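User: Hi! I'm new to this one, could you walk me through it?
Analyst: Happy to. Let's bring it up and start with the overall picture.

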Amino acid sequence: MDSVVQSPLPPASDLSPSILSFLNTKLRTNHNLSQAPTLLSELQAHCADLDQALVDLNRSLGSSLLAYASVSDRAHGFLGLISSQLTSLQSSTRSRSSGSHGEGRVEQVLGEELPALAKEVARVESVRAYAETAVKLQTMIGDIEDAVSSTMQKNSWKHSVKQNSEELRLAAIKTLKLTEDILTSVTKTHPQWAHLVSAVDHRVDRALAILRPQAIADHRALLTSLGWPPPLSTLTSSTPASGRSNDVQNPLCTMQGDVKDQYCENFFALCSLQELQRRRKSRQLEGYNRELALYQPLWVIEELVNPIALASQRHFSKWIEKPEFIFALVYKITRDYVDSMDELLQPLVDEAMLTGYSCREEWISGMVSSLSTYLAKEIFPKYAQPDEDGVMGTQEQAKTYWLHLVDLMISFDKRIKSLIEHSGILLSFEDDGNFVKASSLNVFCDRPDWLDLWAEIELSDILDKLKLETTNERNWTVKVQGAGLLSDAEDHKAPVISSAYLQYLSSVIDHCRSLPRISMRSRFLRLAGGPIIHKFLDCLLFRCQEAEGLTALTDNDALIKVADCINAARYFESVLKEWCEDVFFLEIGSNQYDQPGLSVSEQAGNVDPVEGPENGIFYKDIVKLEEFRTEWAEKISVVILRGFDAQCRDYVKNRRQWQEKVEDSWAVSKYLVGALDYLQGKVSVVEVNLNAVDFVGVWRSLAGGIDRLFFSGILMSNAKFHDGGVERFGSDLEVLFGAFGAWCLRPEGFFPRVSEGLKLLKMGEDDLQSSLAGEETWLKEKGIRHLSVAEAEKIVKSRVFTS
């Protein structure tokens, strides 16, 4: 040791306070003195490194100055050349002579030399601007790298560097922002300088790769020293009636003095770095879909969320089979600290000009995202594959656990949504970004197979419950109460089974509303909601076919059974149409959301406006319900018409009656009385049991069928109509029209062919003879529009005048 320390130390009065403090710290004990050679070697090595760094900086500065001098000399030479050319131009202009030679010289100067000179001036100006910009950027990048290098020494033995490290970081960030301003301007005004921008970006990236980790490390150290995350023991205690625990202490609220100033400076530095990074990405992604790439969670809030989420997960692992405790804890932590995010941190974010960020929303979405991540890694795999590890027991128990977990997630998301909206932020279905961040159901965004499994389990559970409802015959006879409360104020006479199916479909829609993406809602509704409608249609079709197979619908009970099914379809269809008018269904109605081969996340941004009802999500189901109603209402008409035809067969085939005289006591043909009685009896049964809209279709179809029956069977049968026969036929038709008069004002309008045929029979002999010459024109003049010329001619020939 004597060989190492050969000269005495200088007097204490000649040493600076910082050196005295350093020596007192390092050489306090004898043990410290024994380490003096090692300390000396370290100090000498450190000084050598600093000297070398200074030499490198001087060399870099010298190179920059030489480059600037070279560019300056070149620019000076260019300007001298331009000056001499301008002098030459001036002298040549003054000395030009009159005549053709002078005019030619002027044209040469104006047409060739002047444009070339202007081009050269522009080139020199561009070179000068490039040189000035490059030198300016070089100087600023040098300042940034110096500041970054200085902040890296903050843990060294120099106390002054420790104190100024935060100031140096803020200075570096300020210079970075100025550099970014210049780069943005260069990108817009001089896009051809891409290599210069790329070179500067590369050096800025290296500086940011050092600055950001350092700032985050300092921020984490500050949070640890403040006592963050707070102990969860207070959070897991009982909650008073007010809903907020009184003993929760927020470490951010207890900061004071230098600690608070230091935290605020570091917070501001992180926010400024994030804003700078967002500006750089916005410039670099110009022309691309920047919105998807620009968004990043707020770094300072992430640093608050991550440690408290890690601390919470130690409790979560104990509650795998009791997930309600997990959701309760996350909600309580989120709620207890959400107000302080607005009051303490939002002003700092605003000061850093980090626009578009709400500390309240970022805190909530951060906590929800941490919960979703834990659910995706630890909870859902066990629930989705119960047979592999046996934790969830049997398959039925696993389904119960799954549905319970989803119900907890939906309930949790509703409470979180109210927590966000309490600050005045309204989440809408158009704003999918906010909805996804604040929803625990976003676990399904990256796992469409889990979404499909949920839909399968949901559908299986609902179909099991509906099986009991469907087999209960009372549900098919008791009518829905208050069905006329719909927009059309119409009594659908629907059985309660239709209301039961709608109730379960509505529960699927309510779950669907909770999903954070439009594509997920569409997918879930098609998988879990569509089969419920198909099952309902299958039940209706089975009952109708059963009634048709047993009695061919000739029995009144069978008619009533079919009428109830038509009523159920009508009621179900009207409710679906009302639902489809809601904006929720308009948004998810496009067919493109279920494109095969695309995952939910790939379809998330594939949103186009829906045009026309044919794009509604229930459109095909509504069409099938309409087709079912139309088909079976038509079958009712056909069955009644077939029975009417059998009852009045003798009436139609009796041609002699149209040649007989009318008896005084005669009112209606005796062969028609039974048929009309049968018709009124069946139609009365249908009218009582069928809804008003479909009943109109039934009786109009009946009227059209009877019109065709009488026209072809009587008027086109080559029968001869005497005066008494015409009177008899007219009286019979009046009675027939009267049977339909209860449902319309002019029933004869629904029997157009027999009405016009009777009109021809009642015409005088002179009119009918003149009709043979006029034909089609004469028919139009007489108001005959539903008969062809051949049909009218045949009816006219069947008329016999006896007087």
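This is a predicted model: local features need pLDDT of at least 70, side-chain atom pairs count only at pLDDT 80 or more; totals for chains, interfaces and linings use all residues.

User: Okay, and how much of the chain counts as buried?
Analyst: Of its 803 residues, 42% count as buried.

User: What is the secondary structure made of?
Analyst: The chain has 29 helices and zero strands.

User: Among contacts between residues at least 6 apart in sequence, what share join residues at least 24 apart?
Analyst: That share is 77%.

User: Let's zoom in. Where is Glu-362 found?
Analyst: Glu-362 sits in helix α11, which covers residues 359-384.

User: Is Glu-362 buried or exposed?
Analyst: Glu-362 is buried, because its relative accessible area is 5% and the cut-off for buried is under 20%.

User: Which residues is it in contact with, leaving aside neighbours within four places in sequence?
Analyst: Glu-362 touches Tyr-295, Pro-297, Leu-298, Ile-301, Tyr-357 and Lys-437.

User: How do α9 and α11 pack?
Analyst: Helix α9 (residues 299-316) packs with α11 at an angle of about 35°, and their axes are 10 Å apart. The crossing of α9 past α11 is right-handed.

User: Which residues make that contact?
Analyst: From α9 there are Ile-301, Leu-304, Val-305, Ile-308, Ala-309, Gln-313 and Phe-316. On the α11 side you'll find Glu-362 again, along with Cys-359, Trp-363, Gly-366, Met-367, Ser-370 and Tyr-374.

User: And by class, what does the contact of α9 with α11 have?
Analyst: Ten nonpolar, three polar and one charged residues.

User: Switching topic: how do the axes of α26 and α29 cross?
Analyst: Helix α26 (residues 752-761) and helix α29 (residues 789-797) have axes that come within 9 Å and cross at roughly 45°. That angle is why α26 counts as oblique to α29.

User: What about the handedness of the crossing of α26 and α29?
Analyst: The crossing of α26 and α29 is right-handed.

User: Which residues meet there?
Analyst: α26 brings Arg-753, Gly-757, Leu-760 and Leu-761, and these meet Glu-791, Ala-792 and Ile-795 in α29.

User: How do the residues of the contact of α26 with α29 divide?
Analyst: Four are nonpolar, one is polar and two are charged.

Methods. Residues are numbered from 1 along each chain as its sequence is written. Side-chain values use heavy atoms; hydrogens and water are left out. Axes are lines fitted to C-alpha atoms, for helices over the stretch in contact, and angles run from 0 to 180 degrees between N-to-C directions. Helices (H or I, at least four residues) and strands (E, at least two) are DSSP runs, numbered from the N terminus. Angles under 35 degrees count as roughly parallel, over 145 as roughly antiparallel, 65 to 115 as roughly perpendicular and the rest as oblique. A crossing is left-handed if the near helix is turned anticlockwise from the far one by less than a right angle, and right-handed if clockwise. Contact means heavy atoms within 4.5 Å. Ala, Val, Leu, Ile, Met, Phe, Trp, Tyr, Cys and Pro count as nonpolar, Asp, Glu, Lys and Arg as charged, and the others, Gly among them, as polar. Buried means under 20% relative accessible area, exposed over 50%, partly exposed in between (1.4 Å probe, protein chains only).
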